Amino acid sequence: MNRVGEASSIPRVRRFLALEGDRDLLARWAETESFSEDPFSALYAVVLEHSWVNVPQSLAVIRRLRRGDDGQLSPRDRARLDRLEANVRRMGGELEESVRLYARADAVFDVRGEMVERARGALGWIEALLNLGRTPQALDLARRMLRRLPADETLLRAKLEYNRAICLHHAVGWEDARRSYLRVLEIVRRSGVPELLMPPLFGLGMIHREMGEPDEARRYYGELLRLGERTGIRRAILGGRMGLNLVEWTIGDWAEAARRAEEVERGLEEMGDVLT
């Protein structure tokens, strides 16, 4: 499901790519922008955001940054650049290459003892492995990262636990995955960040629909829809509508399913308007 709001990255990426020559790219780009963090971190965030809009342009930024790196980037930032490229290539469907880059970045952070950075990279790495059908590897990676992640990294732990739930759903079955999704939901409810509720609510709806429990599935999908309506988060509205549509198709209520499908189509059109 695409995010909304990534269009804000478009002018920043265009300004970066319009710079002539490859020397001092970060410094020259920083002169055209306004941000509080260091230039590399700012560009990292912009490119990650832009990958939801345009993968080729995001990769073009990374290529230029690599060409212009004459020792300005630290080993740590080069590892972060590998992870960024892994994320972008995963978004573009280059899963094998993304796995290679995630592993290369992780090796650097492992030597440096940076467990939080390793866990951040594991989020996309696990997803790439799942999409390649390597569920046992993905599950093992999720478990290893969860064991070693510092206890105070609550939200990062919730994200890893969510990835673990997806792995369990693929590898083991519904009940273990359901318990894992519930753990995520418990953590993120305490966080007060509405966006973090979306993945576990959708996952729980999916699990209960597949378990043949449509009322429970409706409960979680309905909560997701109401979350979106209350906060204005379009992805939550669309996710809730999509889930409710799937429930009606599953139980054979064709008229209600058709009505829900129209709502989903309208929502997709609205989100497309935001990104174009």
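Is the crossing of H11 and H12 left-handed or right-handed? The crossing is left-handed, a term used if the near helix is turned anticlockwise from the far one by less than a right angle, with right-handed used if clockwise.

1. This is a predicted model, in which local features need pLDDT of at least 70 and side-chain atom pairs count only at pLDDT 80 or more, while totals for chains, interfaces and linings use all residues. Residues are numbered from 1 along each chain as its sequence is written, and side-chain values use heavy atoms, with hydrogens and water left out.

2. Helix H11 (residues 198–210) and helix H12 (residues 214–231) pack with their axes 7 Å apart and at an angle of about 160 degrees; axes are lines fitted to C-alpha atoms, for helices over the stretch in contact, and angles run from 0 to 180 degrees between N-to-C directions. Because of that angle, H11 is roughly antiparallel to H12 (angles over 145 degrees count as such). Helices themselves are DSSP runs of H or I with at least four residues, numbered from the N terminus.

3. Where the two helices meet, residues of H11 including Leu201, Phe202 and Leu204 face residues of H12 including Tyr220, Leu224 and Leu227, contact meaning heavy atoms within 4.5 Å. By class, this contact has 11 nonpolar, 2 polar and 3 charged residues, where Ala, Val, Leu, Ile, Met, Phe, Trp, Tyr, Cys and Pro count as nonpolar, Asp, Glu, Lys and Arg as charged, and the others, Gly among them, as polar.

4. The largest nonpolar core has 46 residues, and Leu185 is one of those with the most contacts inside it; such a core is a set of buried Ala, Val, Leu, Ile, Met, Phe, Trp, Tyr and Cys residues joined through side-chain atoms within 4.5 Å. H7 gives the most to this core, with 10 residues. Another core, of 21 residues, lies apart from it and has Leu26, Leu43, Leu65 and Leu81 among its members. Leaving aside residues up to four places away in sequence, Leu185 touches Leu197, Pro200, Leu201, Leu204 and Tyr220.

5. Ser9, in helix H1 (residues 9–18), is buried, with a relative accessible area of 1% (buried means under 20%, with a 1.4 Å probe and protein chains only). Beyond its neighbours within four places in sequence, Ser9 is in contact with Val46, Glu49 and His50.

6. Ala79, in helix H5 (residues 75–91), also counts as buried, at 2% relative accessibility. Not counting residues up to four places away in sequence, Ala79 touches Ala105, Val108 and Phe109.

Terms used:
Buried < 20%, exposed > 50% of the residue type's maximum accessible area, 1.4 Å probe, protein only. Parallel < 35°, antiparallel > 145°, perpendicular 65-115°, else oblique.
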